[in-house]
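Work through these exercises with the model open. Try each task before you read its solution.

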Amino acid sequence: MVNKRRRKKELLQALNEASDYPQWLDAARALDELNGALAWRATESSRFYDYRNIRKRLNRLRALRKKGDNHGLLFALNEGIHGNMGGMGRPLLYNRAYTGTKILIEEYVDEISSALVYLADLDDPEISFSEKLDFFRRASHCYGRTALMLSGGATLATFHIGVIRALLEQQLVPTVLSGSSAGALVAAVLGTHHDDELKEMLQPHRLIVKASQEASILERLLMQQKGALTAKDLRRNIARLIPDLTFQEAFELTGRKINVSVAPADVHQTSRLLNAVASPNVLIRSAVLASTAIPGVFPPVTLQARNAQGKRQTYLPGRQWVDGSMTDDLPAKRLSRLYGVNHFIVSLVNPLALPFARRQKDEEQTLLSLAGQIGHYAVRESLQAYQNFSRRYISGWKNFNLGLNTLHSLMDQQYSGDINIVLDLWHVKPLKFLAELTEDEASTLIAAGEQATWPKIAMIRNCTRISQTLDQILERYDTREHQLLEETDATAGSN
């Protein structure tokens with residue numbers, strides 16, 4: 001027993017000190033074996049999901065493929081392609097083992113994905129291209145897709161870089177991205193560069209210098225040092241990281257759907273989510289500049305766009321925008337409406353939300369998590385009461401009321417998703433929040449982002465694999481459909 005405790009302590013230390021995912025995974029497997037979690041994974045039964053139905057469907061799909069019954073396979077897939085079949089997507093199923101969930105679930109996801117690719121590549125005259133295309137489109141619509149949402153958090157957003165490094169390494173970065181405030185800068189970098197470029201850009205030795213430079217801008221502005229940088233200087237620094245592209249141009253370049261939250265400087269306006277759907281011609285640099293315009297630190301920003309002649313012009317003249325985290329840090333509802341997103345990965349560094357953050361959406365209630373929820377509710381309701389009082393009795397205190405409105409807006413938001421990657425509170429140092437990062441501090445935050453992501457990799461892979469497979473198939477099929485239409489038009493023209 002003593003040796004087992006010592007071994008567990010050694011493995012936990014190895015887990016916490018791992019410098020890359022393979023090292024972390026080796027320690028995780030050894031821990032799962034020591035704790036009996038490998039045996040738990042191999043045992044199909046659990047009260048948290050309908051393992052009998054999953055096993056039945058898995059056997060049926062395998063049998064249909066083995067027989068070559070392609071119509072039967074297509075029918076069986078039509079019966080149920082959705083992300084939480086039998087409850088298999090529940091986060092509670094990923095709390096028992098470090099290395100993943102029930103092997104039955106992983107095999108089922110693998111079989112669905114393989115069957116989809118098999119049908120897509122199938123050359124069977126009895127199942128036409130148009131029939132398969134219709135199926136894949138319906139399946140994609142029903143299954144939904146995943147979004148990665150990056151919260152605001154000033155220099156703490158360096159944590160997001162570690163999260164992205166870990167996801168990139170495993171080819172698990174969703175195509176739908178959102179960011180607010182400093183998270184908008186990271187999302188924009190991610191959505192305007194190809195993976196090979198990103199892997200080079202996101203090397204720690206390069207990021208440390210950039211993070212320090214960006215943080216020093218905030219520090220110098222707040223401390224009102226001589227030679228304080230202007231908005232023009234900030235714009236120049238953003239331009240170093242983000243190409244001069246519109247949202248539409250970025251989507252055409254990388255296939256990623258960037259979404260940037262901005263809040264109105266005027267209390268009578270509403271917040272916006274800028275993207276290639278709602279604002280395709282808006283320049284991403286100006287959107288990021290607006291989303292990072294912390295009230296009282298940076299001036300409000302007027303958005304810029306590129307017109308039909310390719311020239312730069314003002315977008316929504318007369319309206320100015322500020323820090324997007326003030327009103328819509330994690331715009332889940334808007335992403336759902338725009339892209340059919342029904343699964344959210346959240347990277348959370350917002351210091352006002354961290355004390356109340358839940359690590360998983362439906363985690364088992366503990367005294368600590370319950371206290372956090374109660375605390376969040378109490379703070380939110382207190383701020384609402386203070387707001388009502390100040391409006392009625394001290395309405396002349398404009399700055400005070402503005403501060404109350406901002407705090408209430410921040411506390412009234414939802415700060416959790418289906419998979420939550422959360423910065424540990426001990427990293428938050430209020431006096432350093434807007435101050436220049438040292439190399440050690442930047443390295444620590446990047447490493448923290450990676451280490452917080454590694455335990456989620458198995459869940460992210462299982463929950464996103466089918467949607468990624470469908471997206472890849474549809475990309476091929478849409479190209480093929482376009483070619484067929486061109487051939488049809490050419491034939492008609494020649495006749």
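**Exercise 1.** Are Phe136 and Tyr477 buried or exposed?

*Solution.* The model is predicted: local features need pLDDT of at least 70, side-chain atom pairs need 80 or more, and totals for chains, interfaces and linings use all residues. Residues are numbered from 1 along each chain as its sequence is written, and side-chain values use heavy atoms, without hydrogens or water. Apply the cut-offs: buried is under 20% relative accessible area, exposed is over 50%, and partly exposed lies in between (1.4 Å probe, protein chains only). Phe136 is buried, and so is Tyr477.

**Exercise 2.** Classify the aromatic pair of Tyr21 and Trp24.

*Solution.* Recall the rule: rings of Phe, Tyr and Trp (its six-membered ring) pair if their centres lie within 6.5 Å; planes under 30 degrees apart are stacked, over 60 edge-to-face, the rest tilted. Tyr21 and Trp24 have centres 5.9 Å apart and planes at 15°. The pair is stacked. Next, check burial: Tyr21 and Trp24 are both buried.

**Exercise 3.** Why does Thr99 count as buried? Which side chains make polar contacts with the side chain of Thr99?

*Solution.* Start with accessibility. Thr99 counts as buried because its relative accessibility is 13%. Now look for polar contacts (N or O atoms within 3.5 Å; within protein, one able to donate a hydrogen and the other to accept it; residues adjacent in sequence count only if both atoms are side-chain atoms). The Thr99 side chain meets that of Asp32 at 2.5 Å. It also makes a polar contact with the Arg41 side chain, at 3.3 Å.
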